[in-house]
Amino acid sequence: QHMKTAPHQPISDSKVLSVCVVVSTLLLLLFLVGFLARPSGNRATTMAEVASDHQWAVQLKGGVDVEKIAAELGFDNQGQVGSLEQTYVLRLRDSERHSHANIAARLAALRTHPQVTWSEEQVPKSRSRRDF
């Protein structure tokens, strides 16, 4: 009941080299596809990419009408931030995004507005689990 097998044939060095080249090429392609498909938070970004959403958390002085201030500055009010009083998320209107100069002017006006006590751009953070 013992099976006979074919005699062992050695693999030539050229075949091993060919397989290694193919495997390393495939691994390189997989790496490049993965790198190019990553979200922008994992690679160097331009200023336009960082500010692409144009959302700002702002704190206003008490008794100020947020809708009036937002409209005056070219923003839309996205709502209050949790239970923080007089703190809102403002988003730059699409109609105000036609040039970098206009965006910069709108942001400067927001930062220096007398009714704005504090402002900070909201930038998405990329989170990833660490492997140990």
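Modeller: A residue is called buried under 20% relative accessible area, exposed over 50%, and partly exposed in between (1.4 Å probe, protein chains only). This is a predicted model, where local features need pLDDT of at least 70 and side-chain atom pairs count only at pLDDT 80 or more, while totals for chains, interfaces and linings use all residues. Residues are numbered from 1 along each chain as its sequence is written, and side-chain values use heavy atoms, without hydrogens and water.
Biologist: Which residues of H4 are buried?
Modeller: Asn102, Ile103, Leu107 and Leu110 are the buried residues of H4. They lie on the same side of H4, because they cover an arc of only 130 degrees around the axis, taken from the directions from the helix axis to the C-beta atoms.
Biologist: Why do residues three or four places apart point the same way?
Modeller: An α-helix has 3.6 residues a turn, so such residues point the same way.
Biologist: What does the face of H4 turned away from its buried side carry?
Modeller: That face carries the exposed residues Ala101 and Thr112.
Biologist: Changing topic, how many residues of S3 are buried?
Modeller: Five of the six residues of S3 are buried. Helices (H or I, at least four residues) and strands (E, at least two) are DSSP runs, numbered from the N terminus.
Biologist: In what sense do S1 and S3 pair?
Modeller: S1 and S3 pair in the antiparallel sense over five bridges; pairing requires that DSSP finds at least two bridges between two strands. Trp56 has Leu90 as its bridge partner in S3.
Biologist: And which residue in S3 is the bridge partner of Gly79?
Modeller: The partner is Val89.
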